[in-house]
Amino acid sequence: MNGTVTDMEEISRSALKEVERKREKIGEMYDALSRCNKEVPETLQQQTKKEIEEIHHACENFKAAYKACSVMEDELSARLKDTRREIRRKWYLLNPPANHTIDLKEREAHHFARGLNGYKLGLIFFLGSFLGVVIELIWCLFTNGYLESRSGLVYGPFNLLYGVGAVVLTAALYRFRNRGKWLSFLGGTVVGSVVEYGCSLVQEMLFGSRSWDYSHLPFNLNGRICLMYSVFWGILGVVWMKDIYPRMAKWILRLPDHLGRILTWVMVIFLVFNGAVSALAVHRWSERVAGEAPSSAWEEFMDDRFPDERMESVYANMEFDAQEGE
């Protein structure tokens, strides 16, 4: 800094001086109240209440000013770091741009998927459903030494859990995209844990099955979530908003408006259809596990199209209550 005092800083210094003057005046009132023996004079009561109300309003204004300044400081600092990181990593083939760079390009181009609209969330839903499976396949290969299906749908390498997680993370953390990483971490921890718990609960209620169980891990909640994976969700929140999301937004920006709108609808309709067929296939699979024979031509078709071998290859980790009781 060059030693000059900005207007905002000068105003804040004046406010502090005014607080000190008020403190001296209030000190006199302290003494006046201390001298009261039998009762407080009405004039002193009225004066005290007036001062209390004035100080209360001043506190509210100071709190609002402090909050606004803290947000500006955090966001300006984060934008500077993101810009410097983007410039340093320009030579990367798929470098993540700064989120504020994406914001500006979307506004200037009047892009069909600008901001946080339905088209962008639809594309993120599709990309998240696909990339989540790919990442987990790589993780399984790295940690276990073999490839095992992590798909959640019968057609293609897609898992709606990752798509839902991507959409929820984006919707919840979008407001913090240009803020410090700590907000994305806290938001990712809470949002990811809630989504994971909810998906596990819904799956068990609908199909009587579980695809994961953390009961053997410390600090778990009904085996559906645990502290370790909640922390992972927090880390993912940071990586998502500072690295993955801007990459996705950069790719989405390259889609022409007309083609992009059509492509988004096709992708979403495909996932909805895929999800409906998958739900029916899993339901019929659970009936077969329970020993129920087909009672209609439709169930015979499902048995023929989605036999146990195929379902076991797609849902490698799924277990039904009937299986656990055997």
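**Entry 1: F219**

I started with F219, which is exposed, with a relative accessible area of 67%. I am working from a predicted model, so I keep that in mind on every page. I looked up the backbone next and found that F219 has a positive phi of about 55° although F219 is not a glycine. I then placed F219 in the loop between strand 1 (209–210) and strand 2 (220–221).

**Entry 2: H110**

I went on to H110, where phi is near 50°, again a positive value in a residue other than glycine. Where does H110 sit? I found H110 in the loop between helix 3 (99–109) and helix 4 (118–144). I also checked the surface and noted that H110 is exposed, at 56% relative accessible area. The cut-off I used for exposed is over 50%.

**Entry 3: helix 1 against helix 2**

I turned to helix pairs and began with helix 1 (residues 7–34) and helix 2 (residues 42–88). Their axes come within 12 Å and cross at roughly 155°. Are they roughly parallel or roughly antiparallel to each other? Angles over 145 degrees count as roughly antiparallel, so I wrote down helix 1 and helix 2 as roughly antiparallel. I noted the crossing of helix 1 and helix 2 as left-handed.

I listed who meets whom. From helix 1 I have M8, A15, V19, K22, K25, I26, M29, A32 and L33, and these meet L44, Q47, T48, E51, E54, I55, F62, C69 and M72 in helix 2. Sorted by class, the contact of helix 1 with helix 2 has 12 nonpolar, two polar and four charged residues.

**Entry 4: helix 4 against helix 7**

My next pair was helix 4 and helix 7 (residues 227–253), which pack at an angle of about 115° with their axes 11 Å apart. I recorded helix 4 and helix 7 as roughly perpendicular to each other. The crossing of helix 4 and helix 7 is right-handed.

Which residues make this contact? Helix 4 brings K120, L123, I124, L127, G128 and L131, while helix 7 brings W240, Y245, M248, A249 and I252. By class, I have nine nonpolar, one polar and one charged residues for the contact of helix 4 with helix 7.

**Entry 5: helix 5 against helix 6**

I then looked up helix 5 (residues 160–173) and helix 6 (residues 181–207), whose axes come within 10 Å and cross at roughly 145°. Helix 5 passes helix 6 in a right-handed crossing. On the helix 5 side I noted L161, V164, G165, V168, L169, A172 and L173, and on the helix 6 side L183, S184, G187, G188, V191, V195 and C199. The residues of the contact of helix 5 with helix 6 divide into 10 nonpolar, four polar and no charged.

**Entry 6: salt bridges**

I moved on to charged pairs. Side chains of opposite charge can pair when their charged atoms come close. How many salt bridges turn up in the whole structure? My search found 18. I wrote up a few of them.

R13 and E9: the closest N and O atoms of this salt bridge are 3.0 Å apart. R13 and E9 are four residues apart in helix 1, which means that about one helical turn separates them. R13 is partly exposed, with a relative accessible area of 39%, and E9 also counts as partly exposed at 31% relative accessibility.

K63 and E60: here the closest N and O atoms are 3.9 Å apart. K63 and E60 lie three residues apart in helix 2, so they too are separated by about one helical turn. K63 counts as exposed at 54% relative accessibility, whereas E60 counts as partly exposed at 38%.

D82 and K242: I found this salt bridge with the closest N and O atoms 3.0 Å apart. The pair links distant parts of the chain, with D82 in helix 2 and K242 in helix 7, 160 residues apart. Are D82 and K242 buried or exposed? Both D82 and K242 are buried.

Notes:
Residues are numbered from 1 along each chain as its sequence is written. This is a predicted model: local features need pLDDT of at least 70, side-chain atom pairs count only at pLDDT 80 or more; totals for chains, interfaces and linings use all residues. Side-chain values use heavy atoms; hydrogens and water are left out. Helices (H or I, at least four residues) and strands (E, at least two) are DSSP runs, numbered from the N terminus. Buried means under 20% relative accessible area, exposed over 50%, partly exposed in between (1.4 Å probe, protein chains only). Axes are lines fitted to C-alpha atoms, for helices over the stretch in contact, and angles run from 0 to 180 degrees between N-to-C directions. Angles under 35 degrees count as roughly parallel, over 145 as roughly antiparallel, 65 to 115 as roughly perpendicular and the rest as oblique. A crossing is left-handed if the near helix is turned anticlockwise from the far one by less than a right angle, and right-handed if clockwise. Contact means heavy atoms within 4.5 Å. Ala, Val, Leu, Ile, Met, Phe, Trp, Tyr, Cys and Pro count as nonpolar, Asp, Glu, Lys and Arg as charged, and the others, Gly among them, as polar. A salt bridge is a side-chain nitrogen of Lys or Arg within 4 Å of a carboxyl oxygen of Asp or Glu.
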